[in-house]
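Okay, everyone, thanks for coming. Let me put the sequence and the structure up, and then we'll walk through a few spots.

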Amino acid sequence: MKLIYFTAMLASLLLLSCNSEPSLQKYFVEKSENKDFVAIDVSPSIINVDKAKLTAEQKTALESFDKMNILAFKLDDKNQAAYEVESKKLTQILKGKEYQELMKVGSGKDGASISFVGDEDDIDEFILFGKRKDNGFAVVRILGNDMNPNNIMNMISILQSANIDMEQLKPLEGLIKK
C-alpha cells in the first residue's frame, strides 16, 4: 500500500513540475538539430583579455558571465514559410510572463529586442533576438549569475577591446555572408 501511495505521489509531482508552456530553453533544444538552424554554445573562453587591465566593474561583469547560447535561422528561397512560423513562435515565447522586455528597435520584417529573465538586480539570462528579412533571425541567450544592466554595459566595453576567439563562432559564418 505504501509503495502505491509513494508511486502516486511521485507521478503527481512529476506531472505538476512539467511545464507545458513554451520556453526559450525548450525551443533551443527542439531546434538545435533542425537543418534550417545553426546552434552553438559559446564559453567564456571566447573572450581573451588581460584581466590585470580590467577595472573592478569589468572583472565583476566578466565573472557574472557563464555562457552564451546562439540559435540562428538561415533564410533561403526554400524555407520562407518556415521562417515566418518560427519567427512568430519566438516572438510569442518572448511575450511570456517570464521574459521582461528592456528594449525593442525596428518593426515588421527587420528588428531586434533585448529581454531578460529575473529581476533587475539579479538577472539570470539576457535574451537578444534579431531578425532581417534578407538573412533570417538569431536569438542569443546570455546566461550568468547576479547579472545586471551595468554588467552588460561593462561586458560590451570588454568585448570591444578583447581578442575574440573566432573559432567558436565559425558555424555562424554562412549567416553573415550574403
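Let's start with M103: leaving aside its neighbours within four places in sequence, M103 is in contact with A112, S113 and I114, where contact means heavy atoms within 4.5 Å. Before I go on, this is a predicted model, so local features need pLDDT of at least 70 and side-chain atom pairs count only at pLDDT 80 or more, while totals for chains, interfaces and linings use all residues. Residues are numbered from 1 along each chain as its sequence is written, and side-chain values use heavy atoms, with hydrogens and water left out.

Back to M103, which sits in strand β4, residues 100-107. Helices here are DSSP runs of H or I, at least four residues, and strands are runs of E, at least two, numbered from the N terminus. M103 and S115 are twelve residues apart in sequence and 7.1 Å apart in space, C-alpha to C-alpha.

Next, the hairpins. Strands β5 (residues 110-119) and β6 (residues 122-132) pair in the antiparallel sense over nine bridges; pairing needs at least two DSSP bridges between the strands. Two residues make the hairpin link from β5 to β6, and V117 has E125 of β6 as its bridge partner.

Then β6 pairs with β7 (residues 136-147), antiparallel again, over nine bridges. That hairpin has three residues between its strands, and G130 bridges to A138 in β7.
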